[in-house]
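Open the model in your viewer and keep the selection panel at hand.

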Amino acid sequence: MRVTLHVWRQKNARSEGKLVTYQVPQVDPDMSFLEMLDVLNEELVGKGEEPIAFDYDCREGICGTCSLVINGRPHGPEGGAATCQVYMRNFHDGDEIYIEPWRARAFPLIKDLVVDRSAFDRVIQAGGFVSVNTGGTPDGNTLPIAKTTQEKAMDAAACIGCGACVAACPNASAMLFVAAKVSHLGLLPQGQPERARRARKMVAQMDAEGFGNCSNYFECEAACPKEISVEFIAWMNRDYLKARLTEPDTVTPGMGAKVGPSPVAGHDATAKKHPVA
Amino acid sequence: MFRSSIGRKALMAVTGFGLLGYVIVHMIGNLQVYQGPDALNAYAKMLKGMATLLWGARLTLLVLFAAHVYLGVALYRENRAARPIGYVRFQYEQASVATRTMLLSGLVILAFVIFHLLHFTFAAVQPEYAEWKDPAGRPDVYAMVVHGFRNPVITTSYVVAQLFLGLHLYHAVPSMFQSVGLKHPRYNPLIRTLGVVIPLVIVAGNVSMPLSILFGIVGTSVGG
């Protein structure tokens, strides 16, 4: 099969970008989308042109590195899949395919289709962890967790941090990403000691990075390769509002100094009851 | 708190909830037009009689409305700024028309509220209303309403505005619950139902009054 590509080409962050049209005449339907780009790149290199820069790593849908807005949809036409899991059989002979980078102020463009997603790393650094003091490994089954709670936490933990939610949101909001991270830890007993502080710090960092606000379009949910539900955004909203209403205003974005006693995972006296799913 | 993204969305939800409550009470009060001139004029007189409550409510509404409009516009501007370069191609997957036109429907409602206040509260559109009294010496709200809605242009503008209000609420009602995190698998079906029923009831109730007057079903006792 033969496809026509319109690819966003931009030399670097400071230069002007534009869509450039390429013909890819010999496409095998069983090629992955990224392999199709590899083939085009080899041809470009052979002709002495600059190959198209795009992100990828595992190519099996678990690392969250690949991106690409394909025909106006982050990660392309296949629901519940990352760009690397999209195959050329999802397209037809003669198709015109538009390929653009993630668009968000918080994700500055580096080159062509590659954007800098380190804003997500800083959101995680702000609170997307549980503090575990060193010592003996806890015995197995000392922390009973209801199966429904485990599964819910796992649904949120499925987030691979690819940024498709930001790319899909008309407001370039990172709410689904942050919600997934806040709730996958906040649902489990190990996450309780830092729960309020985590919600506050991660949201403060999200705001500081320049992501948009949530208008409940729910386009993020449709684009998410891991099909994470917007119910987690509601969960985070409640968690955050509760944290703000019950604690004084002392949290600033970023790591900052720890407040209060050092928490011990799951065994802290301040740990709340297991959350109800 | 109200500088954070989530805090302001919660404030949007809370102010919207207050305004929704007012819209419902306002509609129920107005539906007394179907009970005839005496009921409606007595209701209007009763409201005017409770000066503290009336002005308290008006002030509260003004604050809620101003905050809601201000936040709506401020958030919209921020959200546009969060994506300085847009997509050449973009395809919506599940956002409804109501969701995508919240600012537009909101601005239409704002314009309508101003017109509506000028029309009936300040009698600036049809100034003769200010003088009208019913046989009991009360301001003749009933005659004013009937006279106003016999004008097809005014009735049409009211009906159109109500349709935009319905569109706004279709997104707003479920959104309110989402923004403050009041969601639970057990109650989500109820929230979805409310999201359809509340806008429908409000639009139907509010649209029925001007239309039944325009078509001569209500208000035949008023001359001219």
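This is a predicted model. Start in chain B: select helix α3, residues 51-81, and pick out Arg58(B) within that helix. Arg58(B) is partly exposed, at 33% relative accessibility.

Next, salt bridges. Over all chains there are 16.

Stay in chain B and select Arg8(B) and Glu78(B). Their closest N and O atoms lie 2.8 Å apart, in a salt bridge. Arg8(B) sits in helix α1 (residues 5-30) and Glu78(B) in helix α3, so the pair ties together parts 70 residues apart in sequence. Arg8(B) is buried at 11%, while Glu78(B) is partly exposed at 33%.

Move on to Asp134(B) and Arg138(B). This salt bridge spans 3.0 Å, N to O. Both residues are buried.

Switch to chain A. Salt bridges with shared partners link Glu43(A), Lys47(A) and Glu49(A) into one network.

Then select Arg117(A) and Asp55(A), a salt bridge at 3.1 Å, N to O. Arg117(A) is in the loop between β7 and α2, and Asp55(A) in the loop between α1 and β3, so the pair joins parts 62 residues apart in sequence. Arg117(A) is buried at 13%; Asp55(A) is buried at 19%.

Last stop: cysteines. How many disulfides are there over all chains? The count is zero. Select Cys58(A): the closest cysteine sulfur, in Cys63(A), is 3.6 Å away, too far for a bond. For Cys169(A), the closest is in Cys220(A), at 6.6 Å, also too far. Cys58(A) is partly exposed at 26%; Cys169(A) is buried at 8%.

Definitions and conventions. Residues numbered from 1 in each chain as written. Chains lettered and ligands numbered in written order. Predicted model: local features only at pLDDT ≥ 70, side-chain atom pairs only at ≥ 80, totals over all residues. Heavy atoms only, no water. Helix = DSSP H or I, 4+ residues; strand = E, 2+ residues; numbered from the N terminus. Buried < 20%, exposed > 50% of the residue type's maximum accessible area, 1.4 Å probe, protein only. Disulfide = S-S within 2.5 Å. Salt bridge = Lys/Arg side-chain N within 4 Å of Asp/Glu carboxyl O.
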